[in-house]
Amino acid sequence: MTIKTLSVWRSIKVVLKKEAKDGLRDWKAIIIALLIPAMGPLMIIWMFSTLADVSEEPEYVTLPVVGSENAPHLISWLEQNGITIHDPPDNPRERVRDSIIDMAMVIPDDYQKKISDGKRVTIEFITNSEDRSTGAAAEKITGLVERYGAQIGMLRLLARGVNPEIASPMEVKEVDASKGNAFARDILIIVPLYVCLAAFVCSMMVAVDITAGERERGSIETLLLNPNPRIAFVLGKYLTAVAFSIAGLILTATGSLAVLDYLPVEELGIAISINSRTFAYLVITVLPLALMASGLMILVSSLARSYKESQATLSFITLLPVIPVFIENVGPTGSWMYAIPIFSQQRLLVDAFAGEIPPNLHFILSGVVSVIIAAVAVCLTTRLFHKESFIFGR
Amino acid sequence: MIQAINLVKKFKQVTAVDGVSFEAGDGEITGLLGPNGAGKTTALRMLYGLLSADSGTAEIDGVDALCRRQEAQSLIGALPDTLGLYRRLTAREHIRYFGELRGFSGKELETRTNELIGILDMKEIADRRVAGFSAGERMKVNIARALIHGPQNMLLDEPTNGLDIMATRTLRGMLLALKKNGKCILLSSHIMQEVSALCDRIVIISRGRVVASGTPDEIRESAGTDDLEDAFVSLANGDFEVTQ
């Protein structure tokens with residue numbers, strides 16, 4: 001007869017080993033866990049490709065023109081500026097609407113007469129605003145025509161002995177003083193958002209399986225018959241969820257930063273320095289959040305009466321990281337903000353990406369609050385594991 | 001040795017176990033017999049330390065199962081009434097997991113695992129995941145992991161539920177072998193034949209109370225009938241005076 005009881009630490013190790021092995025064999029859970037790490041980088045690539053299309057300088061623009069013979073000077077002006085003029089198809093409006101051609105221009109027959117008479121000519125420029133990829137080309141043509149028109153106007157005023165500046169008393173000169181552009185701002189939100197999401201989503205299925213699943217399968221009673229401290233079972237399970245969370249956030253951070261590093265983002269005027277320090281800062285900032293997320297999910301999932309109920313509740317919890325995106329720039333700001341988990345982590349990362357290293361106090365506050373919540377969640381779960389209604393009740 | 005001394009357990013208004021006392025000795029198979037809802041499962045749960053008693057004590061080899069839970073649990077192997085397995089683990093991994101939780105490792109754990117796999121004739125299924133196992137195969141996994149630490153005391157809650165004849169025979173053979181080795185075995189059942197075929201001593205429980213206990217012969221005698229099933233029915237119906 002051998003009497004053996006394991007210490008807490010060795011018990012935790014045994015439980016962790018088993019749950020991790022079990023979890024890694026659950027391919028459904030793995031697929032869901034990999035969703036966020038895959039989506040983050042894809043999202044960045046997608047955003048980049050749509051933005052890159054729009055902001056690219058159109059190299060080769062063709063323009064079908066109706067009545068090009070009416071305005072030979074205008075046409076040659078356009079041609080000088082790199083626009084290739086085509087003969088128009090029938091029904092240019094319908095064709096543009098149906099995206100068969102990108103755009104078309106209609107020059108009226110009385111163009112020459114009105115220009116000679118010093119009157120105003122209306123030139124129709126047909127575009128399709130739904131087609132964002134042609135926006136830059138359309139802008140270029142509009143600009144060219146306007147500049148041509150302005151020159152004629154100036155000549156007319158000069159011919160009448162009037163200083164052309166009288167007709168244009170104001171000039172607007174755009175000076176872009178922002179650090180990046182819209183894309184940079186979105187990236188600054190997207191990367192922290194996805195890394196925080198990963199901390200939640202990647203351990204969700206595992207958390208459900210090892211708590212609500214264990215109860216629903218009816219294996220909890222047999223498990224707790226083993227002479228190990230109850231807290232060892234809780235911590236073993238909790239650390240399994242934490243491991244999945246951390247693996248997910250590291251994968252997401254690696255993927256997102258690798259994509260940002262690979263894409264020619266500097267062409268869009270964004271200066272994000274990506275190096276091992278950025279990566280380390282990202283991971284260390286979100287780490288306490290992974291501890292908190294796993295703790296909350298283990299607790300909530302243990303409270304649930306069934307696997308399904310637990311999954312439903314947890315899918316709400318996994319959406320928590322999205323909330324800060326909506327409340328961004330709303331309400332007063334201050335150091336106290338960094339005491340709000342999820343919000344604080346995203347804030348810290350946005351600050352860091354924007355080139356402002358936040359004060360250490362904010363960093364510590366953010367981490368400590370999350371770790372405290374994690375600890376409370378683990379304690380409450382351990383109390384649950386001692387309850388008879390938890391072991392036997394469903 | 002397993003001892004229940006005046007165990008009482010109430011769930012809100014219902015008194016599930018109402019002053020149950022009995023003793024299961026070493027080298028014996030003791031049967032806890034009673035109709036459904038008699039309080040057998042509740043009594044067993046207190047004995048293996050998962051339920052607290054409102055009063056009374058449960059002792060395993062003299063160790064209080066409720067005050068010194070871990071110590072008492074290290075002295076028992078148990079098959080509770082829910083026997084869920086982990087679908088994605090193999091039979092061997094189940095046995096190994098429980099062995100590790102009980103503090104075994106390395107070569108000793110391998111030897112014990114292989115020994116049980118041999119005794120329970122589960123070599124062919126040992127390295128298969130348990131997802132598609134039959135009731136009999138699942139029972140073998142459960143027995144193997146309950147016995148991995150070689151416990152002196154064995155508690156089984158309705159162990160033959162859902163088993164076919166072959167599996168039931170394997171289980172009986174296993175229990176008789178354990179008894180021969182001087183182990184203390186306590187099993188619950190609502191099936192008369194099973195208990196009479198296997199048990200040296202019978203404790204009949206009805207409505208949370210022990211209504212009779214003794215060898216099968218003593219039970220027949222006290223109920224005043226030759227047929228054990230008749231005895232069970234008359235005793236279970238609450239004919240207390242006859243028996244005590």
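The legends below describe close-up views of a predicted model.

**View 1. The largest nonpolar core and the surroundings of Leu47(B).** The largest nonpolar core holds 159 residues, and those touching the most other members are Leu47(B), Met122(B), Leu155(B), Leu175(B) and Ile204(B). Leaving aside residues up to four places away in sequence, Leu47(B) touches Ile2(B), Gln3(B), Ala4(B), Phe22(B), Ala58(B), Glu59(B), Ile60(B), Ala65(B), Leu155(B) and Leu186(B).

**View 2. Helix H6 of chain B, residues 165-180.** The 16 residues of H6(B) reach 22 Å from the first C-alpha to the last, close to the 22 Å expected at 1.5 Å a residue. Its buried residues are Ala167(B), Thr168(B), Leu171(B), Met174(B), Leu175(B) and Leu178(B); because they cover an arc of only 125° around the axis, they lie on the same side of H6(B). Exposed residues Ile165(B), Met166(B), Arg169(B) and Lys180(B) are carried on the face turned away from that buried side. After H6(B) comes Gly182(B), with a positive phi near 85°.

**View 3. Packing partners of the buried residues of H6(B).** Within chain B, these residues pack against strands E3 (28-33), E7 (153-157) and E8 (184-189), and also against helices H4 (106-119), H5 (135-147) and H7 (192-198).

**View 4. Strand E6 of chain B, residues 76-79, covered on both faces.** Ile76(B) and Ala78(B) are buried on one side of the strand, while Gly77(B) and Leu79(B) are buried on the other. E6(B) and E7(B) run parallel and are joined by four bridges, with Ile76(B) standing opposite Asn153(B) of E7(B).

Definitions and conventions: Residues numbered from 1 in each chain as written. Chains lettered and ligands numbered in written order. Predicted model: local features only at pLDDT ≥ 70, side-chain atom pairs only at ≥ 80, totals over all residues. Heavy atoms only, no water. Core = buried A, V, L, I, M, F, W, Y, C linked by side-chain atoms within 4.5 Å. Buried < 20%, exposed > 50% of the residue type's maximum accessible area, 1.4 Å probe, protein only. Contact = heavy atoms within 4.5 Å. Helix = DSSP H or I, 4+ residues; strand = E, 2+ residues; numbered from the N terminus. Expected span 1.5 Å × (residues − 1). Arc of directions from axis to C-beta. Pairing = 2+ DSSP bridges.
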